[in-house]
Amino acid sequence: MDVLRWEKRQLLLLDQTLLPHRIEYLTCTHYRDVAEAISLLQVRGAPAIGIAAAYGYALAALNYQEGKGGTLEDYLKKAAEELGDTRPTAVNLHWALEQMNRVYQTVKDKALDEVREYLLEAAKGIHTDELRLEERIAEFGSSLIPKGARILTYCNTGALATAGWGTALGIVRTAHEQGKEVKVYVSETRPVLQGARLTAWELHQAGIPYKLITDNMAGYLFRQNKVDLVLVGADRIAANGDFANKIGTYNLAVLAGFHNCPFYVAAPSSTIDLDIDTGEEIPIEMRDPQEVRMVGSQLITIEGCPVLNPSFDVTPHQLVTAIITEKGIIKPPYDLVKIFTKEGVSR
Ligand code: MRU
């Protein structure tokens, strides 16, 4: 099932807010539809929002009306700003928009229809390249998974969050396909429940054995020696290996460190931000308090209850056993500037 699909000058997005109960696609004909879908988490996960934003940029070129005041360049700049402002933490979003702008700069003197064509091809290129990288990450990552491993994962890092295979969950899928008989503990991931709603659904579809736990059960599992390794994704990785991921990831890293359990992070190079030295500089998205006050449509506390709702936390590199990327398995000491270039994906 496609998470993102370009069809007849439209971007179709599988609406992840309705999963696992309803499978419905949103139709985006305007770049603002894409920006809204990203803000509302209808499309989510760092690689997936990068790809959606790239298609959004291509849509902006289609939306542009010649002769209606303003240049295409100004229009695309505005569209990129609006798309980029939707979610601050995942760097993939900004990386993809920069890639699109770079392509635009090389073709901007061509006829409008040709520019549109180039931008659409560039967005499709980002989409297919990311999928290829995820397959490489999965191969590298699977080499770290022992037979019969009991894996604890967090949030959703599968096909739904990416170009179509997954990062951390892509590794699990590949290990499963290789006959490694893995079992997965899925943490529900409050407040938006990406684990319960999306990861459980993906694992169920793939026939991979799993058990859902509430987030506060992880410590119990470690104490019972039931976790062989932790595997998570990332939204932004600083040059020193510190990384941001879904709020609650740091808790698991501390638990894993205390229990001498390997803690792995899987991400494509589009998640690596070489412009920042440490995780201190990663902007953390604060989301609507209602996400904490509600579970689904049910209010679980006092109406208007004061709430704190950071959507991500930062885990220091000291707690990371290895970072798995398309370039291989990176172990400490992390010096990502030596391995990656600012342009990111090497095609
Ligand atoms: O708020 P979300 O659902 O977009 O958060 C997603 C995550 O935190 C994922 O773990 C991360 O993007 C990696 S996805 C391969």
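This is a predicted model: local features need pLDDT of at least 70, side-chain atom pairs count only at pLDDT 80 or more; totals for chains, interfaces and linings use all residues.
Two strands pair if DSSP finds at least two bridges between them.

**Entry 1: the three-stranded sheet**

I started with strand 2 and strand 3, which pair in the antiparallel sense over 4 bridges. Leu13 stands opposite Leu26 in strand 3. I then looked up the rest of this sheet: it is open, has 3 strands in the order 1-2-3, and its pairing is antiparallel. Which strands stand at the edges? They are strand 1 (4-7) and strand 3; each has a single partner strand, so one side of each is left without a neighbour in the sheet. On average, neighbouring strands here are turned by 25° against each other, direction ignored.

Helix 2 (residues 46-63) lies across strand 1, strand 2 and strand 3, and runs at about 20° to strand 1.

A reminder to myself: strands of a sheet pair through backbone hydrogen bonds, either parallel or antiparallel. In this second open sheet I found 7 strands in the order 6-5-4-7-10-15-16, with mixed pairing. Strand 6 (210-213) and strand 16 (328-330) are the edge strands, each with a single partner, so one side of each has no neighbour in the sheet. The twist averages 25° from one strand to the next.

Strand 15 (residues 322-325) pairs with strand 16 in the antiparallel sense over 3 bridges, and the bridge partner of Thr325 in strand 16 is Gly328.

Helix 5 (residues 112-142) lies across strand 10 (263-266), strand 15 and strand 16, at about 140° to strand 15. Helix 7 (residues 194-206) lies across strand 4 (150-153), strand 5 (183-187) and strand 6, at about 160° to strand 5.

**Entry 2: the ligand**

Which of the 17 residues around the ligand come nearest? I got Arg44, Arg87, Gln194, Asn245 and Lys246. I then looked up some distances to ligand oxygen atoms. A polar side-chain atom of Arg44 lies 2.5 Å from one. For Asn245, a side-chain N or O atom is 2.6 Å from an oxygen atom of the ligand, and for Gln194 the corresponding distance is 2.8 Å. On its own the ligand has 420 Å² of accessible area, and the protein covers 99% of it.

**Entry 3: a salt bridge in helix 5**

I searched the whole structure for salt bridges and found 15. One that I picked out joins Asp129 and Arg132, with the closest N and O atoms 3.7 Å apart. How are these two placed along helix 5? They are 3 residues apart, so about one helical turn separates Asp129 from Arg132.

I went through the cis peptide bonds next. One joins Leu19 and Pro20, with omega at about 5°; Pro20 sits in the loop between strand 2 (10-14) and strand 3 (25-28). Another joins Pro332 and Pro333, with omega at about 0°, and Pro333 is in the segment after strand 16.

Finally, I looked at Cys155. Its phi is positive, about 55°, although Cys155 is not a glycine. I found Cys155 in the loop between strand 4 and helix 6 (168-177).

Conventions. Residues are numbered from 1 along each chain as its sequence is written. Side-chain values use heavy atoms; hydrogens and water are left out. Axes are lines fitted to C-alpha atoms, for helices over the stretch in contact, and angles run from 0 to 180 degrees between N-to-C directions. Contact means heavy atoms within 4.5 Å. A residue is near a molecule or strand if one of its heavy atoms lies within 4 Å of it. A polar contact is a pair of N or O atoms within 3.5 Å; within protein, one must be able to donate a hydrogen and the other to accept it, and residues adjacent in sequence count only if both atoms are side-chain atoms. Accessible areas come from the Shrake-Rupley method with a 1.4 Å probe; for residues, only the protein chains shown count as cover. A salt bridge is a side-chain nitrogen of Lys or Arg within 4 Å of a carboxyl oxygen of Asp or Glu.
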